[in-house]
Amino acid sequence: MHVQDSRWSSAVASGATMSAASGGRPDGTRTTPLRVDAQRNLEHVLRAAREVFGELGYGAPMEDVARRARVGVGTVYRRFPSKDVLVRRIAEEETSRLTEQARAALGQEDEPWSALSRFLRTSVASGAGRLLPPQVLRVGVAEERGLLPQQRTQPAGELRLVSEERREDDGGAAELLDVVGQLVERARAAGELRTDVSVSDVLLVIATAAPSLPDAAQQAAASARLLDILLEGLRSRPA
């Protein structure tokens, strides 16, 4: 997986003027309805962006997205005035999708391990792990360097995502971490999850177990096999 950090804060600044001129907001959303052809182009661009960023990481150029969408790169920039705006849109959508998958597992599975494993299998199968935003994948660093002093009394690996640099606009990352945290705590309390496994470990499994392979059947088989191995590694063992 190749995930590159994007300058999230620069997206609004660099895109505000162009976005306003095109009748949209700085985050790439519009205040007026799109024409049918414009809506179709938008859907093509978003689909292409998910595919390209999923295969190559967020460092992939906009030209690759335009080529995959079969539109001119100018069409992409008219809708998303900077690459950062497009990256934020895709990352937020995938974060929201993962959050809903975690909520569904919490609400529909009574057994803690079944809930956690269902979330992991659903998330890996959807390919969302390849599009996790950088601020979520950096939680391992935040746990050691970014937590407030009173939180360092928590067990090693615990994630609370209350850092000195936390921003209100986190693209839904805090909500995702909170719901996944509930899955982790339930499985740990039931004695079915290793005590040293953290929320960041679970997210790393999602990112790692979703390889991008040219053959869809091969990719699905490889993901399922890898996830089976990783799930065994997460489970607690009798003393």
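Visitor: Which residue forms a salt bridge with Glu93?
Guide: In this predicted model, Glu93 pairs with Arg89 in a salt bridge, and their closest N and O atoms are 2.7 Å apart.

Visitor: Where do Glu93 and Arg89 lie?
Guide: Both residues belong to helix H5. They are 4 residues apart, which is about one turn of the helix.

Visitor: Is Glu93 buried or partly exposed?
Guide: Glu93 counts as partly exposed because its relative accessibility is 26%.

Visitor: How many salt bridges are there in the whole structure?
Guide: A search of the whole structure finds 15 salt bridges. Side chains of opposite charge can pair when their charged atoms come close.

Visitor: What does Arg118 pair with?
Guide: Arg118 forms a salt bridge with Glu109, and the closest N and O atoms are 3.5 Å apart. Arg118 is partly exposed, at 28% relative accessibility. Glu109 is also partly exposed, at 23%.

Visitor: And which residue meets Arg237 in a salt bridge?
Guide: The partner of Arg237 is Glu232, with a distance of 2.9 Å from N to O. Glu232 has a relative accessible area of 44%, so this residue is classed as partly exposed.

Visitor: Let us turn to Glu192. Where is its place?
Guide: Glu192 sits in the loop between H9 and H10.

Visitor: What is the nearest side chain of opposite charge to Glu192, and how far away is it?
Guide: That side chain is Arg235, 4.1 Å away. Glu192 is buried yet has no salt bridge. The reason is that a salt bridge requires the nitrogen and the carboxyl oxygen to be within 4 Å.

Visitor: What does the side chain of Glu192 reach, then?
Guide: The side chain of Glu192 reaches the backbone nitrogen of Trp113 at 3.0 Å.

Visitor: Which residues is Glu192 in contact with, leaving aside its neighbours within four places in sequence?
Guide: With those neighbours left aside, Glu192 is in contact with Pro112, Trp113, Ala187, Leu234, Arg235 and Ser236.

Visitor: What percentage of the residues is buried?
Guide: Of the 239 residues in the protein chain, 43% are buried. The chain exposes about 12,500 Å², and carbon and sulfur atoms supply 51% of that area.

Visitor: What share of the contacts comes from residues 24 or more positions apart?
Guide: Among contacts in the protein chain with a separation of 6 or more, such residues account for 66%.

Visitor: How many residues are in the largest nonpolar core?
Guide: The largest nonpolar core has 33 residues. Those with the most contacts inside this core are Phe119, Leu120 and Val180.

Visitor: Which elements give two or more residues to this core?
Guide: They are helix H5 (83-108), helix H6 (112-126), helix H9 (173-189), helix H10 (199-208) and helix H11 (216-234). H9 gives the most, with 8 residues. In soluble globular proteins, nonpolar side chains tend to be buried together.

Visitor: What does Val180 contact, leaving aside its neighbours within four places in sequence?
Guide: On that basis, Val180 is in contact with Ala102, Phe119, Val199, Val202 and Leu203. A second, separate core has 22 residues, including Tyr58, Met62, Ala66 and Ile90.

Visitor: Is Met62 buried or exposed?
Guide: Met62 counts as buried because its relative accessibility is 2%. Its place is in helix H3 (residues 62-69). Not counting residues up to four places away in sequence, Met62 touches Val73, Val76, Tyr77, Phe80, Ser82, Lys83 and Leu86.

Visitor: How far is Val179 from Glu100?
Guide: Their C-alpha atoms are separated by 9.0 Å, while the two residues are 79 residues apart along the chain.

How values were computed
Residues numbered from 1 in each chain as written. Predicted model: local features only at pLDDT ≥ 70, side-chain atom pairs only at ≥ 80, totals over all residues. Heavy atoms only, no water. Core = buried A, V, L, I, M, F, W, Y, C linked by side-chain atoms within 4.5 Å. Buried < 20%, exposed > 50% of the residue type's maximum accessible area, 1.4 Å probe, protein only. Contact = heavy atoms within 4.5 Å. Lys, Arg positive; Asp, Glu negative; His and termini not counted. Polar contact = N/O pair within 3.5 Å; in protein donor to acceptor, adjacent residues only side chain to side chain. Areas by Shrake-Rupley, 256 points an atom, 1.4 Å probe, with all protein chains shown as cover.
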